[in-house]
Amino acid sequence: QVQVVESGGGLVQAGGSLRLSCVASGRTFSSYLMGWFRQAPGKEREFVTAISPSGITTYYADSVKGRFTISRDNAKNTVYLQMNSLNPEDTAVYYCATPRKIYYRDPRDQHEYDYWGQGTQVTVSS
């Protein structure tokens, strides 16, 4: 079974930065797409960013372009989410996820993902 564990969440002030980490185990990490989603209170879970197995291709939601950066270190089985210029609207529980298969159609679709982490809380104060 594949296990996904996020870490790095916390409380920061608007304009600040935070770096989230996600470790996935149980298979060859470098063969799979990795993605980040978030869910704010009263809202549905939404796509944030994703990165191809090799790390060459990245995908971002319009709301985070230019502020967030996704990267991966396949040697450490870890994907990172660097978040800069944070604002209160970024407050949410952030989830790391990966598909069951190596093939994928739409990295922005949450239904493409099968294994999910427990989530890590990010709170941005104004």
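## Side-chain interactions in the predicted model

A search of the whole structure finds one disulfide. The structure examined here is a predicted model, and the values reported below were computed from its atoms. A disulfide is a covalent bond between the sulfur atoms of two cysteines. In this model the bond joins Cys 22 to Cys 96, with a distance of 2.0 Å from S to S. Cys 22 lies in strand E3 and Cys 96 in strand E9, so the pair ties together parts of the chain that are 74 residues apart in sequence. The link of Cys 22 and Cys 96 is left-handed, with an angle of -80° about the S-S bond. Cys 22 has a relative accessibility of 0% and therefore counts as buried, and Cys 96, with a relative accessible area of 0%, is buried as well.

The nonpolar residues were examined next. The largest nonpolar core has 35 residues, and those with the most contacts inside it are Trp 36, Val 79, Met 83 and Tyr 94. At least two residues of this core are supplied by each of the strands E3 (18-25), E4, E5, E6, E7, E8, E9 and E11 (120-125). For Met 83, when neighbours within four places in sequence are left aside, the residues in contact are Gly 16, Ser 17, Leu 18, Leu 20, Arg 67, Phe 68, Tyr 94 and Val 122. Ala 92 is found in strand E9 and is buried, because its relative accessible area of 2% falls under the limit of 20%. Not counting residues up to four places away in sequence, Ala 92 touches Arg 38, Gln 39, Ala 40, Thr 120, Gln 121 and Val 122. Ala 92 and Thr 123 are 31 residues apart in sequence, while the distance between them in space is 6.6 Å from C-alpha to C-alpha.

Aromatic side chains were then considered, and a search of the whole structure finds five aromatic pairs. One of these is formed by Phe 37 and Phe 47, whose rings are edge-to-face, with 5.7 Å from centre to centre and 75° between the planes. Phe 37 lies in strand E4 (residues 34-39) and Phe 47 in strand E5 (residues 46-51), so this pair ties together parts that are ten residues apart in sequence. Both Phe 37 and Phe 47 are buried. The rings of Phe 37 and Trp 116 have their centres 5.2 Å apart and their planes at 55°, so this pair is tilted. Phe 37, Phe 47, Tyr 95, Tyr 113 and Trp 116 form one aromatic cluster. Charged side chains also sit over aromatic rings: the charged end of Arg 45 is over the ring of Trp 116, 3.8 Å from its centre, and Arg 27 lies over the face of Tyr 32, at 3.3 Å from the ring centre.

Oppositely charged side chains were examined last, and the structure holds four salt bridges. Among them is the salt bridge of Arg 38 with Glu 46, in which the closest N and O atoms are 2.7 Å apart. Arg 38 counts as buried at 5% relative accessibility, whereas Glu 46 counts as partly exposed at 30% relative accessibility. In another salt bridge, the side chains of Arg 67 and Asp 90 meet at 2.8 Å, N to O. This pair links distant parts of the chain, with Arg 67 in the loop between strand E6 (58-60) and strand E7 (68-73) and Asp 90 in the loop between strand E8 (78-83) and strand E9 (92-98), 23 residues apart. Arg 67 and Asp 90 are both buried. Arg 38, Glu 46, Arg 67 and Asp 90 are linked in a network of salt bridges. Lys 65 forms a salt bridge with Asp 62, the closest N and O atoms being 3.1 Å apart. Here Lys 65 is partly exposed, with a relative accessible area of 49%, and Asp 62 is exposed, because its relative accessible area of 64% is over 50%.

Definitions and conventions
Residues numbered from 1 in each chain as written. Predicted model: local features only at pLDDT ≥ 70, side-chain atom pairs only at ≥ 80, totals over all residues. Heavy atoms only, no water. Phe/Tyr/Trp six-rings, centres within 6.5 Å; stacked < 30°, edge-to-face > 60°. Helix = DSSP H or I, 4+ residues; strand = E, 2+ residues; numbered from the N terminus. Buried < 20%, exposed > 50% of the residue type's maximum accessible area, 1.4 Å probe, protein only. Lys NZ or Arg CZ within 6 Å of the ring centre and 35° of its normal. Contact = heavy atoms within 4.5 Å. Core = buried A, V, L, I, M, F, W, Y, C linked by side-chain atoms within 4.5 Å. Disulfide = S-S within 2.5 Å.
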